[in-house]
Amino acid sequence: MKPILYQHELAEKLEDRSGVTGLKLIRVKGYIPSWELGGIRQMPLDESAEAALGEEVRKLQDEFDMA
């Protein structure tokens with residue numbers, strides 16, 4: 001069973017792992033993966049950095065469930 005964390009706790013974990021601040025995770029019902037990355041980046045990210053963030057979101061989704 002995966003640990004269950006609140007959205008803001010998951011966003012903090014993502015920020016810690018990526019070093020990017022101002023991130024927000026959004027649950028999208030009916031889609032797999034069901035988490036989308038939102039928020040306003042303090043500095044715009046290039047395409048490869050956004051892809052890396054998306055990969056971290058997928059890893060988090062494998063590790064945790066969202067409350």
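User: In which element is the place of G39?

Analyst: G39 lies in strand β3, residues 35-39. Strands are DSSP runs of E with at least two residues, helices are DSSP runs of H or I with at least four, and both are numbered from the N terminus. The model is predicted, so local features need pLDDT of at least 70 and side-chain atom pairs count only at pLDDT 80 or more, while totals for chains, interfaces and linings use all residues. Residues are numbered from 1 along each chain as its sequence is written, and side-chain values use heavy atoms, with hydrogens and water left out.

User: Why does G39 count as partly exposed?

Analyst: Buried means under 20% relative accessible area, exposed means over 50%, and partly exposed is in between (1.4 Å probe, protein chains only). G39 has a relative accessibility of 43%, so it counts as partly exposed.

User: What does G39 touch, leaving out residues up to four places away in sequence?

Analyst: G39 touches G22 and K24, where contact means heavy atoms within 4.5 Å. G39 and T21 are 18 residues apart in sequence, and their C-alpha atoms are 8.9 Å apart in space.

User: Why is G22 called partly exposed, and where is its place?

Analyst: The relative accessible area of G22 is 33%, so G22 is partly exposed. G22 sits in the loop between α1 and β2. Not counting residues up to four places away, G22 touches E15, G38, G39 and I40. From G22 to S48, 26 residues apart along the chain, the C-alpha separation is 18 Å.

User: Is E56 buried or exposed, and how do you know?

Analyst: E56 has a relative accessible area of 17%, so it is buried. E56 is found in helix α2, residues 47-63. Beyond residues up to four places away in sequence, E56 touches L14 and R17.

User: What class does R17 fall into, and on what value?

Analyst: R17 is partly exposed, because its relative accessible area is 38%. R17 is in helix α1. Not counting residues up to four places away, R17 touches E56, K59, L60, E63 and F64. R17 and L53, 36 residues apart in sequence, are 9.2 Å apart from C-alpha to C-alpha.

User: Why are α1 and α2 called oblique to each other?

Analyst: Axes are lines fitted to C-alpha atoms, for helices over the stretch in contact, and angles run from 0 to 180 degrees between N-to-C directions. Under 35 degrees counts as roughly parallel, over 145 as roughly antiparallel, 65 to 115 as roughly perpendicular, and the rest as oblique. α1 and α2 pack at an angle of about 130 degrees, with axes 10 Å apart; α1 and α2 are therefore oblique.

User: Which residues make the contact of α1 with α2?

Analyst: From α1 come L10, K13, L14, R17 and S18, which meet L53, E56, V57, K59, L60 and E63 of α2. These residues divide into five nonpolar, one polar and five charged. Ala, Val, Leu, Ile, Met, Phe, Trp, Tyr, Cys and Pro count as nonpolar, Asp, Glu, Lys and Arg as charged, and the others, Gly among them, as polar.

User: What makes up the largest nonpolar core?

Analyst: A nonpolar core is a set of buried Ala, Val, Leu, Ile, Met, Phe, Trp, Tyr and Cys residues joined through side-chain atoms within 4.5 Å. The largest one has twelve residues: L5, L10, L14, V20, L23, L25, W35, L53, V57, L60, F64 and M66. Two or more residues each come from α1 (7-18), β2 (23-27) and α2, and α2 gives the largest share, three residues.
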